[in-house]
Amino acid sequence: MLNDKKILIGITASIAAYKSILLVRLLVKAGAEVRVVMTPAAKDFVSPLVLSTLSKNRVTIELTEGDEWANHVMLGRWADVFVMAPLSCNTLAKMAHGQCDNLLLAVYLSATCPVVAVPAMDEDMWHHPATQRNIELIKGYGNHLVPVNRGELASGLYGDGRMAEPEAVITYLNTFFFRSDKLKGRKALVTAGPTYEAIDPVRFVGNHSSGKMGFAIAEALYEQGADVVLVTGPTRQRAAYEGIRVIDVVSAADMLAAAEREFDDSEITVMSAAVADYSPVTQAPEKIKKESGELVLTLKKTTDILKTLGQRKKDGQLLIGFALETHNEKEFAQKKLQSKNLDAIVLNSLRDKGAGFATDTNQVTVLSRSGEERVIGLRSKKEIAHEIVSFIIQQYA
Ligand code: CTP
């Protein structure tokens, strides 16, 4: 989504300027073209050399250098979006009142692209009525605002005013400026994470699924414009976009119920959850006490959610499953594709290094019903998710 986008970063004098280094790095990594303007005072907080190296573009700071004039008008016209991160209390006040005593402010006043303010300041400054009034003023001019966080501040105090994390700034840009409309108006259902099958009120049968792959797929579908519902078992993941509707479930039975409720009007369903195949036949109402001898746990099969959905699938619905295999991978995956009535299956092999549950990376092969096969080599789960979604768009959208 950020590929080839032109992003201008404005850095002002704030301790949080260190975060803009990571922001520039992440944007460049995502394929954006990045330029940086700084206020002269910001140089005390972060080195222009680091920023010019990371952005691969000269950093502009002064209105004039030697006998050359920095063209502030063209910078604001070049950019698709101008992100002021971090925005200090001082520069905010100048923006609010149209002051122009440095290059960054001249770029701001002449920018024709949207401007996103990412403030950073100490709590008392943030809550001062003058600051709050200035925030309202710049919002009134049509500028966008990434809210401050609550947390540890440069002063050592704890409170509001922390600059949003670079990842959150990118999420904001993706949500409001760069979301594609390739899947607009299409509902997508994604399942993620493990399921926990209770033995008693404190113990369960579960697995190591982190949910990372499913969350990344939900986010990639959302970035392409889909209306996404994410049914997830217990994980530490949080959906990057507020627009993703998350349904938290615990057991395979809960996941089945939620998936069945959401399935019929979903055009795209991706079942990436690691659903428990077996669940205890009985759940003890009280904690099972330790006794001498062995404890035998009898398990019963859970309902295969994917298969159930495959039986209900109508024309125009796309159903994609995952297969985690340790041997005879393709043969088993093909069998699952047929027996569960899928349109495609994403094959994970635990024999591949860097693939599987707990890692940040994965490598997969996507097999489609029509015989297409796409090998996606070792990449981050986010990148793999984008590849899977681009496969979906290419084949079926
Ligand atoms: N799946 C499901 N419901 C289950 C078990 C699995 O919906 N009770 C789904 C998974 O979400 C995945 C696909 O089925 O998309 C394949 O899961 P996998 O564990 O690889 O295969 P199984 O069908 O469970 O078969 P086996 O464990 O024998 O390989």
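A salt bridge is a side-chain nitrogen of Lys or Arg within 4 Å of a carboxyl oxygen of Asp or Glu. The structure described here is a predicted model, and it holds 21 salt bridges. This briefing presents several of them, with the surroundings of the residues involved.

**Glu165 and its partners**

- Glu165 and Lys19 form a salt bridge in which the closest N and O atoms are 3.0 Å apart.
- Glu165 is located in the loop between β9 (158-162) and α8 (166-176), whereas Lys19 belongs to helix α1 (residues 17-29), so this pair ties together parts that are 146 residues apart in sequence.
- Lys19 counts as buried, at 5% relative accessibility, while Glu165 is partly exposed, with a relative accessible area of 29%.
- Glu165 also forms a salt bridge with Arg162, and here the closest N and O atoms are 3.1 Å apart.
- Arg162 counts as partly exposed, at 24% relative accessibility.

**Lys340 and Asp304**

- A salt bridge joins the side chains of Lys340 and Asp304, at 2.7 Å from N to O.
- Both residues are in loops: Lys340 in the one between α12 (329-339) and β19 (344-349), and Asp304 in the one between β17 (299-301) and α11 (305-312); the pair therefore ties together parts that are 36 residues apart in sequence.
- Lys340 is buried, with a relative accessible area of 17%, whereas Asp304 counts as partly exposed, at 30% relative accessibility.

**A network of salt bridges**

- Salt bridges also link Lys187, Arg245, Glu262 and Asp265 in a network.

Note on methods
Residues numbered from 1 in each chain as written. Predicted model: local features only at pLDDT ≥ 70, side-chain atom pairs only at ≥ 80, totals over all residues. Heavy atoms only, no water. Helix = DSSP H or I, 4+ residues; strand = E, 2+ residues; numbered from the N terminus. Buried < 20%, exposed > 50% of the residue type's maximum accessible area, 1.4 Å probe, protein only.
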